[in-house]
Amino acid sequence: MKKKNKVKKVYVGLAADILHEGHINILKIAKSYGEVTVGLLTDAAISSYKKLPHLNFKQREIVLKNIKYVKYVIPQKTLSYVDNLIKLKPNYVVHGDDWKNGIQKNVRKDVILTLKKWSGRLIEPKYTKNISSTLVKEKILKIGISPDTRKSKLKRLMDAKSLVRIVESHNALTGLIIENTNVVSKKNYKEFDGMWSSSLTDSLTRGKPDNQSVDYSARINGLNEILDVTTKPIIFDADNGGRLEHVSFLVKTLERIGVSAIVIEDKIGLKKNSLFDNQKNAKQDSIKNFCKKLKRANESKISDDLLIVARIESFILGKGIKDALKRAEMYSKAGADAILIHSKENSPKEIFKFSKQFKKNKYSKPLIAVPSTYSSVKESDLIKNGFKIVIYANHLLRSAYPAMKKNAEKILKNERTYELEKKISSIKEVISLIKE
Ligand code: SPV
Ligand code: MG
């Protein structure tokens, strides 16, 4: 009896965020070789080498499952194909020939080596010209983002990444820097995941102290200008949230404009920046009162995508770890979605001690670190010690200020600007910085 030809297995790895004719072309070719399994890259796998996709895994899976060339969809949890290939042992892998260079070069090499083990083959159709998800995404970026989509991004990033990297933005220009800056190496891709709307830098840019002299309305006006030109999520520094009776309106306003997290600190009285050495007149709220505030904030939000973050100031006020841990548990019970444990020590020792203990608590929540004074801490150490978000809280402002001051002095000294010209942005650069 003639042996029946076994259907060949074909594997296609895809991010499939924004589908275009290039993807369909690949899938059609793949189908011509046999039964197609798509290894759909998870959010975590995608964010290891490029921006988080617009659509989440479930949404992308539904689309792919309904494409006629696709038989199965399975998750591909890493940028590397190796694990899925070993499980599936496909006869073919199909991928556009655009991955021979760049960050996916080594991924391709591993695919070829792995397929060799069972004489599988890599098929590389010619890359479809003039279309790519990145191009489509650039166009979408120009249109902007809805507040709800922006708001939901922080939670998705927290699920997808081992550490979410946030940096302070105090105006639209810094927002654009954060939106567009990335560093690509052979091994990985890095960018900022979102923005910190800081009470300190919002105050300083307005020439006022960080003591709530700049009210929420002024800060939200400024924030709106950032929102106009960016798509990344915002964590808003709400100081102590104001009076209990007003918390609800603040939460509603911030949620409406698409803020992803509101950080409320447990201090009362005239606000003083936590990094001042002298905290003599600074007072911490009672656990009972602060829990009421957290509850009120939580009841005021519409969506679970908005996180209410409790910021604990025990270490700032010299109260010690016992107080910090007790507060963390109570705040968590009262509905805090995450805990920011602040410190002004020059080492992360106390916050690491805190995280080690709090991790064991059944009310444990994701932790946020603000390494302003213990700036030598590495992101990898924060991850190891159980932190989920890092906030670089004031560094763009602190970069701009000395540069501006030094050059202002230079103009006075030289009675002209010639000495500066080579060291500052050229006129050409600044006038073309923002496209019309
Ligand atoms: C801010 O950036 O305004 C903060 C962080 O609240 S800190 O300055 O450390 O208090
Ligand atoms: Mg602040």
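Which residues are linked with E265 in a network of salt bridges? In this predicted model, local features require pLDDT of at least 70 and side-chain atom pairs count only at pLDDT 80 or more, whereas totals for chains, interfaces and linings use all residues. Residues are numbered from 1 along each chain as its sequence is written, chains are lettered from A and ligands numbered from 1 in the order in which they are written, and side-chain values use heavy atoms, with hydrogens and water left out.

The network comprises E265, K267, R311 and E313. With a salt bridge defined as a side-chain nitrogen of Lys or Arg within 4 Å of a carboxyl oxygen of Asp or Glu, the count comes to 24. One of these joins R219 and D202 (2.8 Å, N to O). This pair links distant parts of the chain, with R219 in helix α10 (residues 216-229) and D202 in helix α9 (residues 199-205), 17 residues apart; helices are DSSP runs of H or I with at least four residues, strands are runs of E with at least two, and both are numbered from the N terminus. R219 and D202 are both buried, that is, under 20% relative accessible area, where exposed means over 50% and partly exposed in between (1.4 Å probe, protein chains only).

A salt bridge also connects K58 and E61, whose closest N and O atoms are 3.1 Å apart. K58 counts as exposed at 55% relative accessibility, while E61 counts as buried at 13%.

K405 and E409 likewise form a salt bridge (3.1 Å, N to O). Both residues lie in helix α16 (residues 395-414), four residues apart, about one turn of the helix.
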